[in-house]
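This report describes the fold of one protein chain and then examines selected parts of it.

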Amino acid sequence: MSTAEQEALIIRRRSSWWQLLLRDRFALVAALWLICLFACFLFGPELFGKAATTLNLRARNMPPGSTEQGWLMILGGDALGRSILARLIVAARNTLAIALSAVFLAMIAGAVLGMIAGYFGRGIGHVIMRFADILQSFPSLLLAVVVLYVLEPSVPNLIIVLAITRLPVYLRVTRAEVLEIRERVFVDAARALGSSRYHILRRHITPVIAPTLLTILTVDFSIVMLAESGLSFLGIGIQPPEITWGLMVAQGRNYLSQAWWLAFFPGLAIMLATLSGNILSNWLRIVSDPEQRWRLEAPGKNDA
């Protein structure tokens, strides 16, 4: 590598995260798609709520591509003539709210329990780890099915159940990270200066483990979204008149032979959201790892 290339590489290593995102086309497209979904989450029901619930028997099972009934029918109509596009936009709020709430709740609870288990004594650590073993001894989907069958399949119950199924992942990863970090020199120095355990965990350990937890969160976002869609497909998730993508797939399965688009487009939305989350998770893992960051900072073919 020439001197000029080395200097260019050094300059790029000072790049901010958004500059690195612009250099990765796949991650950029995934981020833009997730931003679109977030816009649907914020404004979808207010803008398209009426169109998503208005019945139009003339547009019953209307195939995609037709705009005779308006541009909202570009993806076709469902069994009651409601716009599939409008229902996809409105359903994004429930689908994303459940997935995001569940993973954030699991991350916070798992991180707190994991730091306690990793930093404090063996007694409380063993109790917490046995609790994680009990949770992992049940198949996650089966646990969710049983709990939601006993309880009312409401949004809060669904969030809590999905968070419980993902909690052991964050707990074990956090504990493993804390067990290693607590032996480092900067932690020993903070302890020698009289810092409390709470101060060390908050100021010195949490910033180190945060990138790892955020990377896991982006992966879990996709897993929880698929789990919610599966529960809605089985009929124990969100109930009408609420809408989620999984419920739309479940409602369209009886029309696969004559109106495949009723289940195809909600399934496509789930797949694209899941794929975008996985791609962005891989990008975050590379950006947050100093040993892998050079893959995004290295000069490309178009930099000559």
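## Overall architecture

Among contacts in the protein chain between residues at least 6 apart in sequence, 70% join residues at least 24 apart. The model under discussion is a predicted one. The protein chain contains 12 helices and zero strands, and its pattern along the sequence reads α-α-α-α-α-α-α-α-α-α-α-α. Of its 304 residues, 42% count as buried.

The table lists the helices discussed below.

| Helix | Residues |
|---|---|
| α3 | 25-53 |
| α4 | 84-119 |
| α5 | 122-136 |
| α7 | 155-181 |
| α9 | 197-234 |

Helix α5 consists of 15 residues. From its first C-alpha to its last, α5 reaches 21 Å, which is close to the 21 Å expected at 1.5 Å a residue. Which residues of α5 are buried? They are Gly 125, Ile 128, Met 129, Ala 132 and Leu 135. When α5 is viewed down its axis, these buried residues fall within an arc of 110°, and therefore they line one face of the helix.

## The packing of α4 and α9

Two packed helices are described by the angle between their axes and by the distance between those axes. For α4 and α9, the angle is about 145° and the axes lie 8 Å apart. The crossing of these two helices, α4 and α9, is right-handed. Sorted by class, the residues in the contact of α4 with α9 are 21 nonpolar, two polar and three charged.

## Arg 82 in a loop

Arg 82 is located in the loop between α3 and α4. Is Arg 82 buried or exposed? Its relative accessibility is 16%, and because the cut-off for a buried residue is under 20%, Arg 82 counts as buried.

Leaving aside residues up to four places away in sequence, Arg 82 touches Ala 52, Thr 53, Thr 54, Leu 55, Met 73, Gly 76, Gly 77 and Arg 87.

Note on methods. Residues numbered from 1 in each chain as written. Predicted model: local features only at pLDDT ≥ 70, side-chain atom pairs only at ≥ 80, totals over all residues. Heavy atoms only, no water. Helix = DSSP H or I, 4+ residues; strand = E, 2+ residues; numbered from the N terminus. Expected span 1.5 Å × (residues − 1). Buried < 20%, exposed > 50% of the residue type's maximum accessible area, 1.4 Å probe, protein only. Arc of directions from axis to C-beta. Contact = heavy atoms within 4.5 Å. Axes fitted to C-alpha atoms, helices over the stretch in contact; angles between N-to-C directions. Left-handed = near helix turned anticlockwise from the far one by under 90°. Nonpolar A, V, L, I, M, F, W, Y, C, P; charged D, E, K, R; others polar.
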